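Could you walk me through this structure in my viewer, one selection at a time? I have it open and would like to know what to click on and what I will find there.

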Amino acid sequence: MPKRTDLHTILIIGSGPIVIGQACEFDYSGTQACKALREEGYRVVLVNSNPATIMTDPSLADATYIEPLTVPSLERIIAREKPDAILPTVGGQTALNLAVALHEAGILDRYGVELIGASVEAVRIAEDRQRFKDKMIEIGLQVPRSGTATTLEEALAVVNQTGFPAIIRPSFTLGGEGGGIAYNMEEFRAIVERGLDASPVSQVLIEESVLGWKEFELEVMRDRNDNGVIICSIENIDPMGVHTGDSITVAPAMTLTDREYQRMRDMGLAVLRAVGVETGGSNVQFAVSPTDGRIYVIEMNPRVSRSSALASKATGFPIAKIAAKLAVGYTLDELPNDITRETPASFEPTLDYVVVKIPRFTFEKFPQADQTLTTSMKSVGEVMAIGRTFAEAFQKAWRSLEQGRAGWGADGRDVIEPERLRERLITPHPDRMFYVRYALQSGMSVEQISTLTRIDPWFICQLEQIVNLEGRLRAFDLATIPPDLLRQAKRMGFSDAQLAHLLRVPSGPQRWSAELAVRQRRLELGIRPTYHRVDTCAAEFPAYTPYLYSSYESEDEAEPTNRKKVIILGSGPNRIGQGIEFDYCCSHAVFGLRALGYETIMINCNPETVSTDYDTADRLYFEPLTLEDVLNVVDVEKPDGVIIQFGGQTPLKLAQALEAVGVPIWGTPPDAIDLAEDRDRFGALLKELNIPAPEHGSATSWEEALTVARRIGYPVVVRPSYVLGGRAMAIVYDDAALERYMREAVAASPEHPVLIDRFLEDAFEMDVDAICDGETVVIAGIMEQIELAGVHSGDSACVIPTYMVAEEHVVTMRRYTEQLARALGVVGLMNIQYAMKDGVVYVLEVNPRASRTVPFVAKATGIPWAQLAVQCAASAKLFCDGQIFYVNHPALTNPRRYRLAVPSIQRFHVKEVVLPWSRFSGVDTLLGPEMKSTGEGMGSGATFGEAFAKAQMACGSHLPTSGNAFLSVNDRDKATLLPIARDLAALGFKLLATSGTAAYLQQHGLEVKSIYKVNEGRPNAVDYIKNGEIALIVNTPLGKTSFFDEAAIRRAAITYGVPTLTTLSGAAAAVQAIQALRTGQWTLMSLQERSAEV
Amino acid sequence: MDAVLVLEDGRVFPGRSFGAPGERVGEVVFHTGMTGYQEILTDPSYCGQLVTMTAPHIGNTGVNDFDPESIQPQVAGFIVRSYSEHYSSWRARGSLAQLLREYGIVAISDVDTRALTRHIRTAGAMRGIISTTGASIETLLAKCRAAPPMEGQDLTQVVTCPEPYHWTTNSVPFTPPYPNGPAQELIFHVVAYDFGLKRTILRRLVDHGCRVTVVPATTPPEDALALNPDGIFFSNGPGDPAAATYAVATLRSLLGKLPIFGICLGHQLMGLALGGRTYKLPFGHHGANHPVRYLPTGRVEITSQNHGFAVDPDSLPAGVLLTHINLNDQTLEGFDYPDLQCFSVQYHPEAGPGPHDATYLFARFAKAMAARRS
């Protein structure tokens, strides 16, 4: 059946801010869907509240809205754009839930909008666990025994039937949020209560435990002609009990016989038919008993998912793209397989390699959080690696993770507590695999390890082979190692860095010297990687797509071209502080270079991303971003240039080494990056330019740190150099705290000193992004941070344009930015953080590279800054002509011209962040100098208030327009609170406050009801929150004594969804937002309408 | 122990032996299925072939007593990238290497199977020799070139059963119930000509209500008819169909007398019996992911395939309805001749290994037999 011609405009819903459980895989799927539908001639309208996405680039849709993903917001867009259909299956659970809500609100009917790709009924069956189970039983499939409950009493009745251990899963939550495993009644009660809270419908499913069963997933596609195919099977190495997002997984399945696999395949297809997925892709999860092969169906997602992104990258089959085409009426056999061109998409990819995915955790940011892995997802990103064998892929994946490890151990950096071995094997934990390694080394048998971990012995046997080879390698040094053994080690995935450790290669003058010595020896022996194509067909047909991975085989398939070419280094796994923003920049670097006629070559290892889509760059190397792996690609491709400034710290860490071995790095020279990081050199530069900066120094020991701190005076900000996201950054008020910090931080980054700066209390912070061609500087955007200094800029809301900064200071910042860009020789992007205190503008930090804010600034200004920056790196020149500027390059026949600050499209743009508190129970929710947010949302409006209100909504915080406001601030903040409290009262809010705050406000004539703190009696603030009697909370930290009291309030607020402001600047902004909401102000303008291109 | 694979065009692939010691010549083919090595090894259609698995890890689930397609391994030799001596499966009773050694099958691992596959894909299926003897490449090459090519070889008589036997075992307990469950009663009697018959085919026939009498390939047609069957089945098997002239003659004399169903070689024999022509494909179809369109409904089946020859659709007489087409290369995958109550498919609807999408063909055979009775 050909595509439908009765549809013209299709609305695609994105997934909103990046949160744990819903990350940039939906940018990848959404981007594919946009491209697929436009390719078919449909008019595509896109809505997403996340400005950091590539899908929201104005070139990818006909009308792009960065607006909150709520029913009223969507209704306005539907009314304006009049779409014929909505595709809700590429925006995660957010989009699916929103589509169901639009249906339930009657909006789809009212505007005559059809849902394509999923039916409301199918979504409901798949999401309502009881209905899903009933359906499975109806078609003869087995499911764990279970029951649902909406109260604790019901839950207790269910668990009497199903027994312990019991799995508790709340309905309608992301990534299993709020669920868990209970081994006893006490845990059961606690988890059920939490789960009922977390579920928006107050429902939990209590389930028979299949802990320790093997876990498999199938990615299934179906078309309207009932053709069904399995795209990929995925085996979870971590058995049932660990969320699949937190599991190490392998594709294809390794431990199934054909009979077992085909049985699962039949079930997968039967599930889609029973749930009623007529077109598109779904993920079906199974548990398999290791002792008798019984298969239980666990769940299914009637949409593309994290696993389908992984499956797409693992197989080369673009699930989201094909799903979009199926949704508009095509059948699988009508669509070609892009990679083989001559065969159709109605087939099942077959792999002649092994794919391993390992999740990336960020527990170092949340030291109080429980690191046990459960059914509630806790990882923030993932890496994927491809090898010809499991061992090779597994080792490549570990070094891809960028956690300071050169692979799966064998690098001298093991931190093992031998006395905890058994516990560490039994309890799933991010470091468990290192304990498996230790267990093998200490002679524990495969059977014993498998019994303790419940990991299938086949995997343990493979790992044992790695450990055995490691033992053999240790008997040699670099001069004596037999070439065959070295080749065997490379085939098993050992990195040069691991080999340098195992062969005891002495460290040289540079930190990379030993690794390069191994590389040198390897090349002398002719041991180089071969590159192979991900071709969907195990080489049965020729592959036309240069999607490549390395191995050590006999034949190379890279077939590099003779074109002018540039390698772009990606940003690796998502983590807090380095996420989708950098993938946006890397993808735009590809677009910008392609426009200049270069062949673009991407290296990256993050399967969730757009940059690793095989049709983003001309050539894709799915490889770890280590020195070794990058140099290997450079050897094969011999690029004209390598771009390192768009992928965050990942490529920057390689800059000096790459330059040292003669790799042509384009853009800002690595030395400038080093200069900006080196406090002494940078301090000297600022002095020379006469630019003020807070007093500062650097230290490599506690004694040095003390000297510096005493010189510049407390409070000081301390942090290791070369980190993103304020990793291990702290504000320190005294010697004792400094000493404590130095002991931890020096361990955090042994190769670089700790930076110490005077902390400017109560300063305002500004963020400036600019591009420079080496001479001409264009300011991209000046952002004013809404939180005061002390909150990491990545966690602070910010606004463009600045709204409270005096013009003279803006002028000063522009001048400093230009001076610094030229002095550093910036070619490309740069970001400067400024602070303003007592009328003085200070430079806090300069980053001569792409920053987290680039996509936000691009959306706010309507200018693709990252593309222009990369063109500068490719020797383009910037020209400014008043408010108009343009970029010129010999390859551009018509330079693109842009207007800065176009009055007719002038709006306020606010970026707000989302924080992962709900994932980590027991963690305090205060903001500080260490970044903790996972993602961001953006709001735009005619006034600051409107923009701020939308940004809050985008991040899931719905500011109230009436009700009770609860105020509790420290003494220092009381005076500043007063006008805010007055405004709230004037808006009709009833004021509640803790005794001190209440007394102060009462003294100043406000009517305030005083309520108890948690430790003062009942009913207290937490009771009020739980009873739904508080609509808004303003709570600034009161100091150490009341710490637990406040933490309880803040956690209750998060659980019950009460908007909470922990800074007064944030509270003041919220008041403006509430004012805007009360007047009903809501303006809509697509990005295309706001383009600054002239 | 070191081993080597030498192809007739002189290309050499070194590796390590994991099967029996010795030397074996055969036609090198590659199979792209990711599961099912035990079924493949024991499928008599692979007689005379050195089978390369493109999936890199082989041996993971060991071997068990339930999955063989015949009583013993049938391949001439086995070629893999990475052999797992350690296996994990609740059904396993031993390692793959044990099985291969027990039956004297040579096997080589640590071969760059992707390079080998790419080579076969471009140069075509060819003879090769696996050796663990340490003989010189020249010697091996000479032996390899001296062996007869697959074209023109009738291997059916090598693999057929010596005596007739009865089969009444269904797929249970190996496969979960079909939507309607396997038939309880065996109401039809089918005579199955064994040219290298797979057990899964027998089980599927039983699932669909058939009691099967398996007869040797050379059984005269009148002997088959004397068993008073409701239908005749022509099995899969190895070698060049055009060389099995005796079987073509048998089939031709049975045509029109009762429902006949053919699979793979049986399909090719039926094509030849109807006056058609078969030809050798460049490197054959061996895998579990081939899309086939069933023309009457337009639906696509993912199929299990294992054949080096195909029937030329243009050579078939008028009245033959083409029913199945391979969507990768548009070759003929099945036809139907209603006038003569016969139909056949080139691929393997019984799976074993592979997807179960085409099980309906067995139901169709049963329906044809039911129609004949009434």
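Start by selecting A:Cys798 and the residues it touches: beyond those up to four places away in sequence, these are A:Asp767, A:Met783, A:Glu784, A:Gln785, A:Ile786 and A:Lys911. Keep in mind as you look that this is a predicted model. A:Cys798 belongs to strand E30 of chain A, which covers residues 798–800. Is A:Cys798 buried or exposed? A residue is buried if 20 or more other C-beta atoms lie within 10 Å of its own; A:Cys798 has 26 such neighbours, so it counts as buried.

Next, select A:Ile568. Setting aside neighbours within four places in sequence, A:Ile568 is in contact with A:Cys586, A:Ala589, A:Val590, A:Thr600, A:Ile601, A:Met602, A:Ala617, A:Ile643 and A:Phe646. Two of these names come back when you turn to the largest nonpolar core, which has 454 residues: A:Ile568 and A:Ile643 are among the members that touch the most others, along with A:Val356, A:Tyr834, A:Trp865 and A:Ala866. To see the element that gives the most to this core, select helix H35 of chain A, residues 1064–1078, which supplies 10 residues. Another core lies apart from it, with 16 residues that include A:Ala166, A:Ala182, A:Ile191 and A:Ile206.

Clicking along H29(A), you pass buried A:Trp865, A:Ala866, A:Gln867, A:Leu868, A:Ala869, A:Val870, A:Gln871, A:Cys872 and A:Ala873. After the helix comes A:Ser875, which has a positive phi, near 75°.

Now move over to chain B and colour it by secondary structure: there are 10 helices and 19 strands. Its radius of gyration is 20 Å, close to the 21 Å that the globule rule gives for 374 residues, so chain B is as compact as a globular protein of that length. Along the principal axes, its C-alpha atoms fill a box of roughly 65 × 45 × 40 Å. Of the 374 residues of chain B, 61% count as buried.

Zoom in on strand E8 of chain B, residues 106–109. In a regular strand, side chains alternate between the two faces of the sheet. Here B:Val106 and B:Ile108 point one way, B:Ala107 and B:Ser109 point the other way, and all are buried. What pairs with E8(B) in the antiparallel sense? That is strand E2 of chain B, residues 12–17, over 2 bridges; B:Ser17 has B:Ile108 as its bridge partner in E8(B). Strand E6 of chain B, residues 77–79, pairs with E8(B) in the parallel sense over 3 bridges, and there B:Phe78 is partnered by B:Ala107.

For the last stop, show both chains together. In all, 45 residues of chain B are in contact with 48 residues of chain A. On the chain B side, the elements that give two or more residues are helix H3 (113–123), strand E15 (278–294) and strand E16 (299–311). H3(B) provides the largest share, 6 residues. Colour this side by class and you will find 15 nonpolar, 20 polar and 10 charged residues.

Definitions and conventions. Residues numbered from 1 in each chain as written. Chains lettered and ligands numbered in written order. Predicted model: local features only at pLDDT ≥ 70, side-chain atom pairs only at ≥ 80, totals over all residues. Buried ≥ 20, exposed ≤ 12 C-beta atoms within 10 Å, placed from the backbone. Helix = DSSP H or I, 4+ residues; strand = E, 2+ residues; numbered from the N terminus. Pairing = 2+ DSSP bridges. Core = buried A, V, L, I, M, F, W, Y, C linked by C-beta atoms within 7 Å. Contact = placed C-beta atoms within 7 Å. Nonpolar A, V, L, I, M, F, W, Y, C, P; charged D, E, K, R; others polar. Rg over C-alpha atoms; globule rule 2.2 N^0.38 Å.
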